[in-house]
There are 2 protein chains.
Amino acid sequence: MQKIGSVQRVCEIFRLKIHAGELSPGEKLSSTRALASDLGVSRSTVVTVYEQLVSEGYIETAHGSRARVSLNLPHPAKAHRPSLKPIPSEQRKLSAYGRRTSALKLPVTPEIKPREINFLYGAIADEDFPRLMWRKIYNQALMKRQSSLYYAAPEGAAELRSELQGYLLRARGLSCSQEQIIIVQGAQQAIDLCARLLVEPGSEVLMEEPCYLGARLNFEAMGANVSPITVDEQGLMCDQLPNVKNALVYVTPSHQFPLGSVMSISRRRELLAWAARNRCWIIEDDYDSEFRYGLKPVQTLQSLDVDGSVIYIGTFSKTLSPQLRLGYLVLPAELVKVFRQAKQLTDRHTPSPDQLVIAQLIQSGAYERHIRRVRRANETKRAVLIEAIQKFLPKRVEVEGTASGLHIVVWLEDFQIEDEPNLIARAKAIGIGIWSITPLYSAGDKLRRKKCAGLVMGYAGLTPTEIKKGVARLAQAIQQN
Amino acid sequence: MQKIGSVQRVCEIFRLKIHAGELSPGEKLSSTRALASDLGVSRSTVVTVYEQLVSEGYIETAHGSRARVSLNLPHPAKAHRPSLKPIPSEQRKLSAYGRRTSALKLPVTPEIKPREINFLYGAIADEDFPRLMWRKIYNQALMKRQSSLYYAAPEGAAELRSELQGYLLRARGLSCSQEQIIIVQGAQQAIDLCARLLVEPGSEVLMEEPCYLGARLNFEAMGANVSPITVDEQGLMCDQLPNVKNALVYVTPSHQFPLGSVMSISRRRELLAWAARNRCWIIEDDYDSEFRYGLKPVQTLQSLDVDGSVIYIGTFSKTLSPQLRLGYLVLPAELVKVFRQAKQLTDRHTPSPDQLVIAQLIQSGAYERHIRRVRRANETKRAVLIEAIQKFLPKRVEVEGTASGLHIVVWLEDFQIEDEPNLIARAKAIGIGIWSITPLYSAGDKLRRKKCAGLVMGYAGLTPTEIKKGVARLAQAIQQN
């Protein structure tokens with residue numbers, strides 16, 4: 001079989017030569033045999049190239065005579081246009097959302113290099129993805145015949161929603177009906193649907209400070225007024241909530257991101273009462289509650305809510321893979337219809353096969369066994385990380401948020417906030433990836449944070465050996481100061 | 001292993017009994033052994049049930065004595081709440097987008113029943129999905145180790161974008177750089193991203209009349225003024241385009257949906273000139289151009305565009321499966337950055353594994369062989385459908401849009417538009433699914449359409465035998481008039 005790559009390459013050479021005038025209109029081309037031998041490609045490749053160029057209007061063929069350059073060439077402006085340079089003509093208009101989105105400075109998605117030890121939060125270990133089990137069940141799901149292939153309903157596969165209902169009850173004590181669950185493309189889409197349906201330009205959005213950047217940037221793109229609320233070791237400080245009506249509060253009560261506190265029951269009740277009084281929505285992002293170590297889980301806000309204020313978000317990004325883009329919403333009854341409609345308008349539905357695989361994993365008990373296994377692995381990693389920090393890092397280091405989750409926060413008391421970029425660059429130079437906590441605070445907000453350099457250190461993506469080695473090397477980078 | 005289903009069931013029985021007062025606070029429960037025997041479940045099931053109820057706060061256990069109902073029960077209001085009844089308290093606020101979305105009447109996604117013959121447009125045959133090939137390549141892609149699992153870049157897998165660049169050139173004569181391509185969750189997400197970034201409340205959106213409902217409803221939810229423009233056998237009638245600045249035009253030039261005309265080259269040039277003059281955006285939805293029968297493809301608008309007006313949308317819904325939710329955008333250079341940012345805010349990126357499978361299918365040549373095979377199958381189905389219509393349906397029937405695609409339009413000249421619901425119901429009663437063209441016209445627009453009943457008949461989801469049988473039965477339903 002001919003290589004497609006070489007066809008494209010040879011076509012491109014011809015187009016360039018023709019546009020540059022090296023081959024002029026009417027000029028005869030080599031025979032396919034001669035050209036194949038010249039270029040060291042198969043003759044069938046050349047035949048395909050000529051056919052392609054004929055279909056594009058670059059060359060002409062007639063029976064019995066050699067191909068020649070067309071007398072009537074395609075528009076050169078198009079072919080010559082450097083593809084990524086903005087067009088000089090007057091700019092067309094973006095929507096207000098488009099202009100805000102365009103003005104935002106989003107973090108570039110980092111790529112982890114093979115030999116690097118990267119304490120990137122949100123990464124999980126490749127060996128923690130249950131590949132063999134996934135493959136087996138995926139293959140079964142794939143081979144099931146359907147009467148025909150058509151779009152599915154926007155709320156997601158009934159099989160998965162039914163299994164999730166049971167899972168949420170067992171794992172989180174969360175009781176809901178299957179109808180309240182909508183399957184989405186990861187927690188990010190859950191946040192985005194909430195933002196579109198509940199937030200508009202000028203809306204008040206209240207967020208923990210510091211917080212998850214992907215949520216804050218989304219609300220900012222919607223044009224909301226995002227206000228930071230301080231957190232302490234009991235979570236969001238509810239007495240700082242302003243008395244605004246129709247606001248939206250985004251919280252991470254089971255494991256405050258990134259600082260790690262668990263919201264106390266009394267704060268939870270306080271928040272719910274405040275939301276009911278002010279007719280506000282609460283987003284409860286339960287992004288990593290599967291990973292608690294030796295702690296009894298606290299009841300979710302959703303379970304305590306009797307007023308229909310709480311929208312609960314769950315994800316498979318931490319328990320299976322962030323690349324699957326699968327998560328779910330548990331909605332108050334009155335929001336079910338509008339979220340289904342929005343999901344249908346947005347992308348019709350979440351892809352089907354993966355949903356069926358997860359449903360089957362939960363149904364067989366394999367999903368919960370998998371979580372227990374990965375939880376134990378991460379508990380070990382956490383212990384190794386804390387031990388290594390105590391052993392290698394300087395004394396004046398404070399570690400925060402170690403009780404649960406897949407990351408911790410490390411405060412380097414001998415360093416200023418301004419030292420962070422330098423520290424990160426020095427670590428990077430010796431193959432260590434570390435990540436500053438600063439972007440997770442609102443721009444310019446230095447009141448609510450510790451007055452020293454801070455790192456968010458994810459450990460789920462590394463092995464215990466890598467963690468130990470990584471911290472030891474990090475200590476070198478720090479001591480270079 | 002214990003069955004999860006029975007744990008849930010037994011837990012629910014206890015909760016109900018406790019809330020109903022049949023078991024009162026402090027009351028001792030049966031021993032696990034006794035209860036297991038009473039209920040006919042394993043003892044380990046009962047142990048799990050009790051553990052679950054303890055964690056939820058319904059019961060208490062103390063070492064050496066029997067479990068008893070908690071003195072301090074969880075909030076009954078929550079547990080008793082009928083889950084889908086709206087909460088009587090004052091409603092919380094939706095955004096303007098939310099209110100518009102809530103007010104829209106979206107079509108319910110139909111489910112095709114096993115024995116039914118359904119001429120549903122958008123459905124494709126289950127046997128046309130290349131299952132074995134997909135499975136083989138998916139399994140290879142799945143087993144590839146990564147240094148760790150992390151989110152991917154918003155624009156989609158480089159492998160797929162690179163292969164699509166070559167594919168678009170070969171199949172559509174469309175020349176673009178890899179950077180201009182963004183992988184999305186099906187054409188619907190492509191449309192949604194365009195709507196969010198280019199349309200705002202009050203924006204002018206011009207659409208073919210009739211048109212694809214999923215696009216029109218999306219623009220309406222955004223608050224746009226959607227105006228219908230008549231189409232004829234040459235496609236959109238460009239002389240009817242108003243001179244509005246900064247508008248957006250949504251067109252299906254390679255196969256007008258649903259009427260089936262191909263936009264002529266002169267109309268294409270006219271549209272592009274109009275867009276450049278008025279600084280308007282054009283969405284070119286190339287939803288089924290893979291299925292042309294014996295026709296030379298007309299150049300895409302994207303290929304003719306030298307002003308950066310055209311946003312091209314392609315999909316894998318018709319060539320592989322609508323349930324995969326995979327499609328792509330080819331963007332003008334100046335829109336690349338803002339679309340990437342919006343995609344990142346929306347759902348971070350399209351799921352990775354399926355993208356790698358399609359990249360490999362294209363790279364090996366299998367994808368294009370697959371399309372040729374399915375094209376031949378659909379060509380046969382189309383011929384069978386047209387023949388059956390000529391044979392079985394009454395004389396006064398006009399068939400439109402047969403040159404390409406996966407559906408045709410059938411006008412029943414002996415029936416009024418008002419007869420459609422009755423006709424559909426009669427067909428349904430004898431196991432035939434047919435679909436009216438009326439929803440694809442703007443509400444109340446009767447000027448631009450034929451003054452008789454019309455059907456959009458999809459055939460890709462059926463076998464030739466089913467098509468013949470279906471049309472014969474449809475003739476019965478029609479003759480019952």
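# A predicted two-chain model: questions and answers

Visitor: What is the relative accessible area of S227(A)?
Guide: This is a predicted model. Buried means under 20%, and exposed means over 50%. S227(A) falls in between, so it is partly exposed, and its relative accessible area is 24%.

Visitor: How far apart in space are S227(A) and V205(A), C-alpha to C-alpha?
Guide: S227(A) sits in strand 6 (residues 225-232) of chain A. Beyond its neighbours within four places in sequence, it is in contact with E204(A), V205(A), L206(A) and M207(A). In sequence, S227(A) and V205(A) are 22 residues apart. In space, their C-alpha atoms are separated by 6.2 Å.

Visitor: Which backbone oxygen does the side chain of R267(A) reach?
Guide: R267(A) belongs to helix 10 (residues 265-278) of chain A. Its relative accessibility is 11%, so it counts as buried. At 3.0 Å, its side chain reaches the backbone oxygen of G235(A).

Visitor: How many residues apart in sequence are the parts that D286(A) and R172(A) tie together?
Guide: The two side chains form a salt bridge, with the closest N and O atoms 2.7 Å apart. D286(A) is in the loop between strand 9 (281-285) and helix 11 (301-304) of chain A, while R172(A) is in helix 7 (residues 158-172) of chain A, so the pair ties together parts whose separation in sequence is 114 residues.

Visitor: Are D286(A) and R172(A) buried or exposed?
Guide: The cut-off for buried is under 20% relative accessible area. Both D286(A) and R172(A) are buried.

Visitor: What is the relative accessible area of D414(A)?
Guide: D414(A) forms a salt bridge with R396(A), with closest N and O atoms 2.6 Å apart. D414(A) lies in the loop between strand 13 (407-412) and helix 15 (420-429) of chain A. R396(A) counts as partly exposed at 45%. D414(A) is also partly exposed, at 40%.

Visitor: Which residue meets K450(B) in a salt bridge?
Guide: The N to O distance of this salt bridge is 3.0 Å. K450(B) lies in the loop between strand 14 (432-433) and strand 15 (453-458) of chain B, and its partner is in strand 12 (residues 397-400) of chain B, so the pair ties together parts 52 residues apart in sequence. The partner of K450(B) is E398(B).

Visitor: What rotation superposes chain A on chain B?
Guide: The shift along the axis is 0.0 Å, and the RMSD is 0.3 Å. The copies are thus related as by a two-fold rotation axis. The same surface serves both copies, as 98% of the contact residues of chain A recur in chain B. The rotation is 179°.

Visitor: What area is buried between chain A and chain B?
Guide: Chain A brings 132 residues to the contact, and chain B brings 131 residues. Carbon and sulfur atoms give 54% of the buried area. The total is about 11800 Å².

Visitor: How many salt bridges does the rule find across the interface of chain A and chain B?
Guide: Over all chains, the structure holds 34 salt bridges. D192(B) pairs with R196(A), with closest N and O atoms 2.8 Å apart. Across the interface, the number is seven.

Visitor: Which helix gives the largest share of the side of chain A that touches chain B?
Guide: Between the chains, 57 residue pairs are in polar contact. The largest share of chain A's side is nine residues, and these come from helix 12 (residues 336-347) of chain A.

Technical notes. Residues numbered from 1 in each chain as written. Chains lettered and ligands numbered in written order. Predicted model: local features only at pLDDT ≥ 70, side-chain atom pairs only at ≥ 80, totals over all residues. Heavy atoms only, no water. Contact = heavy atoms within 4.5 Å. Buried area = accessible area lost by both parts, 1.4 Å probe. Salt bridge = Lys/Arg side-chain N within 4 Å of Asp/Glu carboxyl O. Polar contact = N/O pair within 3.5 Å; in protein donor to acceptor, adjacent residues only side chain to side chain. Helix = DSSP H or I, 4+ residues; strand = E, 2+ residues; numbered from the N terminus. Buried < 20%, exposed > 50% of the residue type's maximum accessible area, 1.4 Å probe, protein only. Least-squares fit on C-alpha atoms with pLDDT ≥ 70 in both.
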